[in-house]
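The sequence and structure come first, and the description follows.

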Amino acid sequence: MKSLAERPENPVVGVSVAHEHAADHATGTALYTDDLIVRHQNVLHAWPLQAPHAHARVTSLDVAPALEVPGVVRVLTAEDVPGVNDAGIKHDEPLFPSEVMFYGHAVCWVLGESLEAARLGAEAIEVQYEPLPSLITVREAIAADSFQGRQPTVSRGDVEIGLANGTHRFSGEFEFGGQEHFYLETHASLAYVDEGGQVFVQCSTQHPTETQEIVAHVLGLDNHDVTVQCLRMGGGFGGKEMQPHGFAAIAALGATLTGRPVRLRLTRNQDITLSGKRHPYLAEWDVAFDDDGRLQALRATVTSDGGWSLDLSEPVMQRTLCHIDNAYWIPHVEVNGRIVKTNKTSQTAFRGFGGPQGMLVTEDILGRCAPLLGLDPTELRARNLYVSGQSTPYGQPVRHAERLAEIWNQVHQRADVRERRRDIEEFNATHTDTRRALAVTPVKFGISFNLTAFNQAGALVHVYKDGSVLINHGGTEMGQGLHTKMRQVAATALGVPLETVRLAPTRTDKVPNTSATAASSGADLNGGAVKNACEQIRDRLAEVAARKFNIHPDDVRFVDGKVTGIGFHDRDMPFAELVHDAYFQRISLWAAGYYRTEGLHWDADRMQGEPFKYFSYGASVTEVEVDGFTGAYRMLRTDIVHDVGDSLSPLIDIGQIEGGFVQGAGWLTLEELRWDDSDGPSRGRLTTQAASTYKLPSFSEMPEEFNVHLFEKATESGVVYGSKAVGEPPLMLAFSVREALRQAAAAFGPEGHSVELASPATPEAVFWAVQDARRALADDGAKRPLASGRGRSDDGASQPPASRRDRAASSATGVSAGEAASTEATSAEARSTSAAEDSPDATAAATR
């Protein structure tokens, strides 16, 4: 394979083009899995019987009444499974359970001539349960010692020495919620059996190969007996990486037993109550800083709620531990991870795959500790950014760490941070019941699968005699523009116009053994495979052209649909003509491409190695305004500078950055999953089952001004055409929203007040943070008389003297600060240093 990163003359990559099916999506002509039933006759519809208990044993199941309901054809139960009654890769997810493990668990499925008939059939089934004790919250599970999976640890240095030597030491805990994927298209599968006994499954899945494997083992078949196709998805976000397999298996089982096509498409309520979400976490931490505010040591235990089965909880936890440092150098680290087993849906992959949870822990620590150190939070972050020569706690060198400082400076300049901070100070001084704040946060995110074996991909490329091109690769399209990028890669590699390249749906009988479209690696892996296949064909064509032009094959050039030679100005031939000639010379015009990511090594037992090909970097600035009466807030402006290497498709990448940021802001501010943890009959029931109760970000939650800039001159060697991943990293740029809300709430209190802010930071949570800040202000004001000309802002709110800021903030936040007194002694010096933070050169302190 030729250089992956090098771009030829006039490449199609790097050009802003619209999503290949944007018009189809907008006009409703794009087809999704559930739209395909019109192509089939006598389709049966599947409906689940969901249990009304969080934990129970099924003591009897009588399906006979359902079969008496008009239109009901069959009820699927465990007795019908010819293979393995399990839908998971860990063999801990019975497809038809005898023990209900969460409220809404499906115990059987009804097949009907219509959806209504299937629903009525499910209602008619007579089932008896023996309720069992249940665990709903993380704390309940910890108390019951209910753990599952491995408990990894990532460590470096000597954390005890680091904590003991730190001048300022704080400890605390942080519990934060999960997130519902809420893709526009719910889980959907359509299965039928052809005349040769081949099981064909149309499925909305991010991992067709694994769907194929699960369907095969449920049916007791070989993988070659099952073909899975994914036309496109109406959103995935990780929720369709593992979770579709069982639903596809139900449809395939029904089709096998009845000989009729079976359609399974979940309602929104079923999708939310049956499928997994982002993992909620509980973190307990102990951290130390030196006198300059630099991190010295971090010891933490992070516990995720895995739900009733393991699913992907173990690799999610690994990535959490590998990203808890975010963009910061921490000399001494010891972070322990563990997964609790609760009676809730099995939590699964979600954009970021555990990375956001780990990074959020550290961002929360810095946001809480900055006032206790007498530092502006932005300055504290700048002082701790990675620099060249440093490595992560698991031993991977942080390559191109200098980009962090460059991006940090750029986002300061583009966001005009210095001037806007002055404007914010003036606004807050003249508005009694409203506060504004601005926060800056960085992102460092590793790109590759945790499981090294998944870092491979295949592609199949056909060039037809007329010069048109058809490509098929192992990646799936969920709206992120992967197929658009692959067309651009193929057009660039073959030197043909974009319109001559067409892309076929992803299916397992065209490209086998594919990895999931996940880990932000879709373009890296499949792009490498597509480029490899195209280069094989191009090299063959170059031999034909070389003979025609009487030059060496290395001197043949393919540009804009023409074939010529180096230095030729008056001689070329159309690409289609060359292809035609090659066919009659019996030259193969198709190729299977392959790519594997080089340079990866990961020891999951030791949690050491280099699991990532590279790191994606970014930074964001967000300004918010908070209403002190209600906690309601507005995002006034967001500025982002993000590193995508040399972009394959700038318009697609900017859209991904904007979408990822908004989804991250939703997780951090609005999207609150609530489960009934009472002892009543609905214990374990998810109470936020629809958009009416589960709040999603909309246009009104978008920043009123939103500026995104792609970091320039950022070629990444060893990656297809010098690009970088864009899917997951932008989600973490939304940390700036939460940190700005924290600072705005703190502005209602005494200077230096440290705010504890719940996550998600809903308006209610912000309101309580504001109330806490106001109480701290009142308490501080009551302890001393106002000094003449001091201690009062322009709106009349009292302020504490500088010598008491750290003590007030420490007691207000509940952060244990044994060295708060020593903090007071250094706070004046630290505050004078922090004045430089709003300069465009704020990272000068980080280049230590």
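## Burial, pairing and side-chain contacts

Helix H9 (residues 313-323) is mostly covered, with 10 of its 11 residues buried. The buried residues in H9 are Ser313, Glu314, Val316, Met317, Gln318, Arg319, Thr320, Leu321, Cys322 and His323. Buried stands for under 20% relative accessible area, exposed for over 50%, and partly exposed for the range in between, with a 1.4 Å probe and protein chains only. Helices (H or I, at least four residues) and strands (E, at least two) are DSSP runs, numbered from the N terminus.

The model is predicted: local features need pLDDT of at least 70, side-chain atom pairs count only at pLDDT 80 or more, and totals for chains, interfaces and linings use all residues. Residues are numbered from 1 along each chain as its sequence is written, and side-chain values use heavy atoms, with hydrogens and water left out.

### Strand E14 and its partners

Eight of the nine residues of E14 are buried, so this strand is largely enclosed by the rest of the structure. Two strands count as paired if DSSP finds at least two bridges between them. E14 pairs with E9 in the antiparallel sense over nine bridges. Within that pairing, Glu175 has Leu282 in E14 as its bridge partner. E14 is also joined to E15 by nine bridges, and these two strands run antiparallel. Here Phe289 stands opposite Leu295 in E15. E14 and E15 form a hairpin with five residues between them. Gly293, in the turn, has a positive phi of about 80 degrees.

### Salt bridges

A salt bridge is a side-chain nitrogen of Lys or Arg within 4 Å of a carboxyl oxygen of Asp or Glu. By this rule the count is 55 salt bridges.

| Glu180 | Lys277 | 2.7 Å |

Glu180 forms a salt bridge with Lys277. This pair links distant parts of the chain, 97 residues apart: Glu180 is in the loop between strand E9 (168-176) and strand E10 (188-193), and Lys277 is in the loop between helix H8 (268-274) and strand E14 (281-289). Both Glu180 and Lys277 are buried.

Asp305 belongs to strand E15 (residues 295-305), while Lys344 is in the loop between strand E16 (332-340) and helix H10 (355-373), 39 residues apart. Asp305 and Lys344 are buried too.

Asp364 lies in helix H10 and Arg742 in helix H18 (residues 735-746), so the pair ties together parts that are 378 residues apart in sequence. Asp364 is buried, because its relative accessible area is 1%. Arg742 counts as buried because its relative accessibility is 3%. Both residues belong to a network of salt bridges that links Glu363, Asp364, Arg368, Arg381, Arg738, Glu739, Arg742 and Glu756.

### Aromatic rings

Rings of Phe, Tyr and Trp (its six-membered ring) pair if their centres lie within 6.5 Å; planes under 30 degrees apart count as stacked, over 60 as edge-to-face and the rest as tilted. A search of the whole structure finds 18 aromatic pairs. One of them joins Phe449 and Phe454 edge-to-face, at 5.4 Å centre to centre and 85 degrees between the planes. Phe449 counts as buried at 6% relative accessibility, whereas Phe454 counts as partly exposed at 25%.

Phe549 and Phe568 form another edge-to-face pair, at 5.6 Å centre to centre and 70 degrees between the planes. This pair links distant parts of the chain, 19 residues apart: Phe549 in helix H15 (residues 522-549), and Phe568 in the loop between strand E23 (562-565) and strand E24 (573-574). Phe549 counts as buried at 5% relative accessibility, and Phe568 is partly exposed at 26%.

Ring pairs also link Phe174, Phe176, Tyr281 and Trp667 into a cluster.

### Charges over rings

A charge sits over a ring if NZ of Lys or CZ of Arg is within 6 Å of the ring centre and within 35 degrees of the ring normal. Arg278 lies over the face of Trp667, at 4.8 Å from the ring centre. The charged end of Lys465 sits over the ring of Tyr583, 4.5 Å from its centre.
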